Amino acid sequence: MIRFDTVTKVYDNNSRPALDAVSLEVDRGEFVFLVGASGSGKSTFIRLVLKEDRVSRGAVYVAGQNVANIPSWRVPKLRRGIGVVFQDFRLLPNKTVFANVAFAMQVIGKSRAVIRETVPDVLQTVGLEGKNNRMPHELSGGEQQRVAIARAIVNRPGILLADEPTGNLDPTTSMGIMKVLDRINSNGTTVVMATHDDDIVNTMRKRVVELRNGSVVRDDAEGIYIGET
Ligand code: ADP
Ligand code: ADP
């Protein structure tokens with residue numbers, strides 16, 4: 001589903017590579033924690049999958065296609081197949097919960113009828129039934145992240161990328177978010193979650209890929225993470 005073939009990324013104003021000859025394969029349906037300290041290259045990995053940035057050397061394949069060969073007019077199609085969730089939720093502040101999720105369907109031209117039918121279903125998947133008409137500021141952080149996840153999956157992407165999705169949440173709320181992500185993965189979506197939260201990683205026991213200074217230093221099934229203290 002995602003393949004990095006000896007990918008090096010050097011930001012032009014940065015001498016040390018953000019990613020250094022990273023080779024990694026994530027199969028369809030996997031759940032992978034991408035762990036490592038701040039600056040280890042996790043966000044760079046995510047940006048390269050989305051073709052928000054280009055590799056310096058090597059190649060990134062998504063669903064079998066080298067993203068370097070995707071012309072710019074087709075990049076939106078690549079990104080439609082990939083849901084993304086961030087630490088800071090990034091909701092539209094002046095739109096209701098329903099409208100935030102519906103917006104992702106409107107921009108790809110879904111009909112009002114399909115939107116009205118789909119949005120309540122996906123809000124139920126993330127545990128937000130009954131909150132359709134709330135505004136983001138009326139929600140807790142955990143609820144806001146659930147809205148962001150609903151928006152990310154409403155168009156049924158094959159891949160969900162989550163960049164520190166629990167970074168702003170307390171441990172209990174974070175575990176609730178993890179249950180949602182686990183359920184989405186059980187429904188067949190490939191999930192890659194960047195995090196440095198060792199408690200979450202050690203509770204979930206999924207595949208763990210650890211980056212250190214841009215290199216993969218560990219890749220364990222049902223792995224653990226011992227973060228810096
Ligand atoms: P753009 O899409 O225009 O590159 P960015 O926000 O990604 O916008 O970056 C703008 C500039 O800010 C980059 O060219 C880089 O010089 C700097 N920059 C962004 N993020 C970082 C970072 N994490 N570390 C160092 N410099 C950064
Ligand atoms: P993480 O997500 O694990 O915190 P990043 O991928 O953001 O790591 O960063 C990896 C390295 O690349 C860091 O040294 C960071 O400062 C650098 N970096 C990230 N984005 C940019 C950018 N746009 N311009 C320059 N350097 C960057």
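Why does Ser174 count as buried? Ser174 has 1% relative accessibility and therefore counts as buried (under 20% relative accessible area, with exposed over 50% and partly exposed in between; 1.4 Å probe, protein chains only).

1. Basis. This is a predicted model, in which local features need pLDDT of at least 70 and side-chain atom pairs count only at pLDDT 80 or more, while totals for chains, interfaces and linings use all residues. Residues are numbered from 1 along each chain as its sequence is written, chains are lettered from A and ligands numbered from 1 in the order in which they are written, and side-chain values use heavy atoms, with hydrogens and water left out.

2. Ser174. Ser174 sits in helix 6 (residues 171-186); helices are DSSP runs of H or I with at least four residues, strands are runs of E with at least two, and both are numbered from the N terminus. A polar atom of the Ser174 side chain is 3.3 Å from the backbone oxygen of Leu169. This is a polar contact (N or O atoms within 3.5 Å; within protein, one must be able to donate a hydrogen and the other to accept it, and residues adjacent in sequence count only if both atoms are side-chain atoms). Residues up to four places away in sequence aside, Ser174 touches Thr166, Leu169 and Ile200 (heavy atoms within 4.5 Å).

3. Largest nonpolar core. A nonpolar core is a set of buried Ala, Val, Leu, Ile, Met, Phe, Trp, Tyr and Cys residues joined through side-chain atoms within 4.5 Å. The largest one has 40 residues, and those touching the most other members include Phe33, Val101, Ile149 and Met178. Helix 5 gives this core its largest share, six residues.

4. Helix 3. Val97, Asn100, Val101, Ala102, Ala104 and Met105 are the buried residues of helix 3 (residues 97-106). Their cover includes helix 4 (112-125) and helix 5 (141-153). Beyond its neighbours within four places in sequence, Val101 is in contact with Val119, Val122, Leu123, Val147, Ala150, Arg151 and Val154.

5. Ligand 2. Around ligand 2 there are 14 residues, of which Gly39, Gly41, Lys42, Ser43 and Thr44 come nearest (a residue is near if one of its heavy atoms lies within 4 Å). Oxygen atoms of ligand 2 lie 3.0 Å from a backbone N or O atom of Gly41 and 2.9 Å from a side-chain N or O atom of Lys42. Taken alone, ligand 2 exposes 560 Å², and the protein buries 68% of that (Shrake-Rupley method, 1.4 Å probe).
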